[in-house]
Amino acid sequence: MMTAQRRPTTQQHVPSPPRRVPRDHWPDATLALVRTGYPFIQRRCRSFGSDVFSTRLLLQPAICLTGADAARLFYDRELFQRAGAAPARMTRTLTGAGGVQGLDGARHAARKAMLLSLMTPARIDALAEATARLWESCGERWQRAEAIVLLDEARLLLARAVCDWAGVPLPAADAAARTGDLGELIESGAALGLRHWRGVLARRRAERWAGAAIAAARDGRLQPAADQALAVIARHREPDGRPLDERVAAIDLLNILRPTVAVARFITDAALALHTHPRCRDELRRSDDDVRCFVQEVRRYYPFFPFVVARVRRDFVWRGYRFPQRTRVLLDLYGTNRDPRSWQHPDEFQPRRFRDWPGDPFTFIPQGGDGFEEGHRCAGEWLTIALMEIAVRALTSTLTYDVPPQDLRVDLRRIPAGPASGFIMRRVRVRQAGE
Ligand code: HEM
């Protein structure tokens, strides 16, 4: 058995036998998780007075972890693996099976490097600038509408921009349906019942569509530029020299398109934050020096993915607790982003906290922790920030709008969460120069 405590202790003593991880009293806590939503791990950890507890989820043993130290542990690739970690209902909807998320070791490193090669500063700028132009042209269209739902419109805008950027054709007549499917994959990742099955069907359609684009790029019917995502993924080879299976290539192409569309949720959260904190809006309108801090605080404060999942690679002991091989482990993203040991007044929305934030990768983990290249941390984090900054500038400077009465409550039991109305905007207008 390995021990995960690497720092030497000052006292020499006989090691005590591993303690039992504090145990949830429920025979299976899946229902409790569904009923509690995002704060599930944080609340239980608080009641146990521990950063770790064990439970059963989906009838299987699981260990839940919260906090920065736990995040540092979770990203130790000697101790945790991703193969076989995600529940089947998640791979049937959100991620697909065979994509980068479920890989380990050399295959993961090669696939991740390929995806990260798409995220050069120049390519990120190109997509961000394309969305800036779309915010303006869509604004002109929205001027003619009585009202718009920001979540739906931002999804469509991002889908158009990312498909064009990636080299994937998206004819205007198909845009709403394809965007609907990409959105459905995100909405159904943690869903039960009908929403789950809608996600399964959306994934089948999306994989067929992305697979057809990969096939067309391979046989020359489509000719994306060499640095576009479609071209890079279509020509990628596994470490053994074989090209990616067409379906797996489709899944990794969707790993670029789907999460870019998902940024619409953070943009909707940003609109809600601007509405609830008019001082932030006024400050950003006067100067956008703090736009990065505002965007970071939106990503910290608003819930997106509640946790990430891995499996114990081999038995080890952490803080005296035994982690048995193969056990599923959930790392609490939501609670870690609001951990009072890392953040002062964590439940308050305070963008200024990011002015002197030292940049610790394990305290702020809305898109996972650890390094980009080696670990499973989100490959699209810098792109997300860039797209959000452009959107915040559009919402504060390019556009004016009214926010009519609507249901803006964020239900923490719904995953992913966001304002219930999707953020309705009325009387949208594009500001004229000098206004
Ligand atoms: C709404 C914004 C986003 C959120 C909340 C988000 C969140 C996450 C999370 C939690 C993970 C898993 C981290 C882990 O397993 O430890 C992840 C992984 C990933 N994300 Fe994102 N993401 C977002 C946007 C993006 C974008 C825009 C892209 C690409 C265009 C992207 C591509 C990926 C990929 C490829 C992975 C898998 C990385 C790996 O397993 O090595 N994400 N993301």
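Begin by selecting Arg427, which counts as exposed at 59% relative accessibility; here buried means under 20% relative accessible area, exposed means over 50%, and partly exposed lies in between, as computed with a 1.4 Å probe on protein chains only. What you have open is a predicted model, in which local features need pLDDT of at least 70 and side-chain atom pairs count only at pLDDT 80 or more, while totals for chains, interfaces and linings use all residues. Residues are numbered from 1 along each chain as its sequence is written, and side-chain values use heavy atoms, with hydrogens and water left out.

**Backbone stops**

Stay with Arg427, whose place is in strand 11; helices (H or I, at least four residues) and strands (E, at least two) are DSSP runs, numbered from the N terminus. The phi of Arg427 is positive, about 50°, although this residue is not a glycine. Most residues other than glycine have a negative phi, and most peptide bonds are trans.

Next, select Ile415 and Pro416, which are joined by a cis peptide bond with omega about 0°. Pro416 sits in the loop between strand 10 (399-402) and strand 11 (424-430).

Then move to His345, which is not a glycine and yet has a positive phi, near 45°. His345 belongs to the loop between helix 14 and helix 15, and with 48% relative accessibility it counts as partly exposed.

**The loop between helix 14 and helix 15**

Remain in this loop and select Arg353, which is placed between helix 14 (333-337) and helix 15 (381-398). Is Arg353 buried or exposed? Arg353 counts as buried, because its relative accessibility is 13%. If you display its surroundings and set aside residues up to four places away in sequence, you will find that Arg353 touches Glu297, Arg300, Trp343, Gln344, His345, Pro346 and Glu348, where contact means heavy atoms within 4.5 Å.

Cys378 is found in the loop between helix 14 and helix 15 too, and it is partly exposed, with a relative accessible area of 24%. Which protein atom is the donor to the iron atom of the ligand? The single donor from the protein is the SG atom of Cys378, 2.3 Å away; donors are N, O and S atoms within 2.8 Å of the metal (3.2 Å for Na, K and Ca), and water is not among the atoms, so sites may look incomplete.

**Cysteines**

Now select the cysteines: a search of the whole structure finds zero disulfides, a disulfide being a pair of cysteine sulfur atoms within 2.5 Å. For Cys138, the closest cysteine sulfur is that of Cys163, which at 14 Å is too far for a bond. Cys138 is buried, with a relative accessible area of 2%.

**Two crossing helices**

Select helix 7 (residues 150-166) together with helix 11 (residues 246-276), whose axes come within 8 Å and cross at roughly 145°; axes are lines fitted to C-alpha atoms, for helices over the stretch in contact, and angles run from 0 to 180 degrees between N-to-C directions. The residues making the contact include Leu158, Val162 and Cys163 of helix 7, and Leu257, Val261 and Ala264 of helix 11. Sorted by class, this contact has 16 nonpolar, two polar and two charged residues; Ala, Val, Leu, Ile, Met, Phe, Trp, Tyr, Cys and Pro count as nonpolar, Asp, Glu, Lys and Arg as charged, and the others, Gly among them, as polar.

**Helix 9 and a last stop**

In helix 9 (residues 193-218), select Glu207, which counts as buried at 12% relative accessibility. Leaving aside neighbours within four places in sequence, Glu207 is in contact with Gly96, Arg247, Ala250, Ile251 and Leu254.

Arg205 also has its place in helix 9, and at 35% relative accessibility Arg205 counts as partly exposed. Not counting residues up to four places away in sequence, Arg205 touches Arg178 and Asp181.
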